[in-house]
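User: Please take a close look at one helix and the nonpolar core around it. How is this part built up?

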Amino acid sequence: MASSKENSHPSPDGRTWRSYFPDGDLWVFGYGSDHRGTVENPGRVVTVIDRGFWETLDDPLAHLESASSVSRVWGAAYHIPASHAEEVHDYLDEREINGYTVHYTPFHPFSESKAPGSDSEPITCMVYIGQPTNSQFLRDPARREPQDVAEVISRSRGKSGKNTEYLYLLEKALEGLGLGSADEYVTDLVRRVKAIEKEDEASRDEEAAERDLKKSLSRSEEEAHQTIQDEEGA
């Protein structure tokens with residue numbers, strides 16, 4: 001996903017956020033910790049990046065993005081009461097400090113009776129935007145190719161579960177958020193991963209059949225050998 005760039009603040013003292021939330025509470029644009037791979041074999045998960053940076057990438061599905069369309073990222077805004085705001089902020093700041101910058105952007109609540117952003121009062125939200133300096137960012141264009149991404153997802157697993165599960169749930173979540181929230185890139189990855197899983201399943205079935213055949217032949221050889229021994233003994 002790509003995001004329009006709003007206010008960006010490195011916040012060296014870690015307290016700039018308070019000027020955006022004078023009441024002391026905190027709003028955070030949907031973020032969660034998810035591990036679908038290991039340090040040695042990392043999986044693939046999504047992040048929000050700046051639209052300007054996205055435009056410099058060789059996105060194979062860039063043609064699906066209209067140049068005249070309003071930049072929009074669908075997600076959830078989480079309200080943190082003042083009693084826990086500083087604790088949550090500090091935790092997120094420490095977790096995201098490498099490779100992310102803090103942005104403050106308007107969030108427009110969605111209503112089924114109104115178009116997004118029509119009459120709804122925007123809520124200022126804090127969001128961490130991914131940067132290419134992040135050690136986990138895929139710098140090699142070949143590793144960003146959809147088929148390569150799909151192959152990695154199909155075999156990756158981390159402490160949060162299988163990477164395929166993450167992808168399937170992501171697609172369902174995007175489809176269910178609201179009008180226009182489905183993402184063709186994610187849907188394309190789902191198709192590719194499911195095709196790989198079918199190939200893998202066929203390969204597993206073939207290997208199982210070969211094992212069964214070897215066991216059957218082995219039993220036949222043992223039975224034939226035993227029969228010969230019985231006849232010789234007679």
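Predicted model: local features only at pLDDT ≥ 70, side-chain atom pairs only at ≥ 80, totals over all residues.

Analyst: The account below starts with the model itself and then turns to the helix and its core.

Residues are numbered from 1 along each chain as its sequence is written, and side-chain values use heavy atoms, with hydrogens and water left out.

The chain has a mean pLDDT of 77, with 73% of its residues at 70 or more. For residues 1–5 the pLDDT is below 50, although this stretch has 23 contacts (heavy atoms within 4.5 Å) beyond near neighbours in sequence in the model.

Helix α3 covers residues 146–155; helices here are DSSP runs of H or I, at least four residues long, numbered from the N terminus. Seven of the 10 residues of α3 are buried, that is, under 20% relative accessible area with a 1.4 Å probe, protein chains only. They are Pro146, Asp148, Val149, Ala150, Val152, Ile153 and Ser154.

Val149, Ala150 and Ile153 also belong to the largest nonpolar core, which has 12 residues. Such a core is a set of buried Ala, Val, Leu, Ile, Met, Phe, Trp, Tyr and Cys residues joined through side-chain atoms within 4.5 Å. Two or more residues each come from α3, α4 (163–177) and α5 (184–233), and α5 gives the most, with five. Leu189, another core member, touches Pro146, Val149, Ala150, Ile153 and Leu167, leaving aside residues up to four places away in sequence. A second, separate core of 11 residues includes Val28, Ala85, Leu92 and Tyr128.

Conventions:
Buried < 20%, exposed > 50% of the residue type's maximum accessible area, 1.4 Å probe, protein only. pLDDT = per-residue confidence, 0-100.
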